[in-house]
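Please keep the sequence and the structure in view while working through the numbered points.

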Amino acid sequence: MAVPILKQGQVLIASIQTALTDTDVLQLREDVMSQVTRHRSRGIIIDVTALDVMDSFVSRSLRGIAHMTRLRGAETVIVGIQPEVAFAMVQLGMQFEDVQTALDLEEGLTLLQAQLKEPLAGGG
Amino acid sequence: MEAESRIAIESDADVVTARQRARELAHELDLSSTDQTLLATAISEVARNITTYAQRGEVTLRIVRDGHGRAGIEVVASDEGPGIPDIERALQDGYTTGGGLGLGLPGARRLVDDFDIESAPSQGTTVTLVKWARQVPRSIRA
């Protein structure tokens with residue numbers, strides 16, 4: 001099932017709705033990369049609140065997306081990692097410290113806003 | 001006779017099914033939400049090893065009990081794939097022949113209480129995991 005990606009100003013918001021298969025994750029990577037290019041996005045938020053498992057494949061793929069988008073001049077923030085999921089990731093041995101994370105969507109937007117130093121939502 | 005659940009693993013969607021089925025079983029046994037997540041993550045790792053290395057295999061879930069009446073969930077992930085030539089190495093963090101991070105088996109071992117692996121070249125692989133409930137569930141007390 002495809003992950004919907006919304007454009008809000010300079011930011012893309014990918015909001016994962018349900019458990020992802022590996023194929024879905026690879027599709028998300030492709031979609032994010034093509035939309036960053038199309039919209040000249042500066043920031044990406046990937047909301048993983050709905051994920052009850054982040055195994056090594058998903059974690060590695062999300063980290064990969066963050067690295068790839070950075071090479072395209074856009075910062076990715078992963079938001080909404082559940083407490084149990086965080087615990088499992090640490091036990092698993094996942095290294096995630098080179099990826100920006102935030103508690104939730106709101107915190108993620110604040111973080112990106114501070115980094116881009118201009119209003120992102122294109123309002124006003 | 002306890003319920004047993006067998007899931008054929010042939011695609012990445014089956015990996016998701018296996019861990020969701022395990023979570024349902026874990027929920028029935030009153031495993032804590034954290035333990036449910038640890039178990040589901042471990043299953044994801046061993047089931048993915050099946051699709052990555054052996055293409056197909058199966059995951060069997062069953063409720064087991066120890067001598068003290070404590071219940072747990074046993075997961076058997078088996079395949080008839082190429083097998084693991086060097087199990088000790090496969091259990092080291094960062095060792096992979098499949099292009100991943102090499103966290104699958106060693107990571108899964110850290111996520112569960114009991115872990116056993118049997119494999120030999122061209123004999124397939126069987127990984128057995130158990131996650132024990134922290135307390136005796138109400139259903140089997142007294």
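1. B:Pro106 belongs to helix H4 of chain B, residues 104–111. Helices here are DSSP runs of H or I with at least four residues, strands are runs of E with at least two, and both are numbered from the N terminus. The model is a predicted one, in which local features need pLDDT of at least 70, side-chain atom pairs count only at pLDDT 80 or more, and totals for chains, interfaces and linings use all residues. Residues are numbered from 1 along each chain as its sequence is written, while chains are lettered from A and ligands numbered from 1 in the order in which they are written.

2. Is B:Pro106 buried, partly exposed or exposed? With 18 other C-beta atoms within 10 Å, B:Pro106 is partly exposed. A residue is buried if 20 or more other C-beta atoms, placed from the backbone, lie within 10 Å of its own, exposed if 12 or fewer, and partly exposed in between.

3. Leaving aside neighbours within four places in sequence, B:Pro106 is in contact with B:Leu91, B:Gln92 and B:Asp93. Contact requires that the C-beta atoms, placed from the backbone, lie within 7 Å. The C-alpha atoms of B:Pro106 and B:Gly94, which are 12 residues apart along the chain, are separated by 8.8 Å.

4. In chain A, the buried residues of H1(A) are A:Asp22, A:Asp24, A:Leu28, A:Val32 and A:Val36. Seen down the helix axis, they fall within an arc of 155°, so they line one face of H1(A); the arc is that of the directions from the axis to the C-beta atoms. An α-helix has 3.6 residues a turn, so residues three or four places apart point the same way. On the other side of H1(A), the exposed residues include A:Thr23, A:Glu30 and A:Arg38.

5. The buried residues of H1(A) pack against E1, E2, strand E3 (43–47) and H2 of chain A, together with helix H1 (12–28) of chain B. After H1(A) comes A:Arg40, which has a positive phi, near 50°.

6. Between the two chains, the contact takes 18 residues from chain A and 22 residues from chain B. On the side of chain A that touches chain B, H3(A) gives the most, with 6 residues.

7. Strands E1 (residues 5–8) and E2 (residues 11–15) of chain A run antiparallel and are joined by 4 bridges; pairing requires that DSSP finds at least two bridges. The two strands form a hairpin with 2 residues between them, and A:Gly9 in the turn has a positive phi of about 60°.
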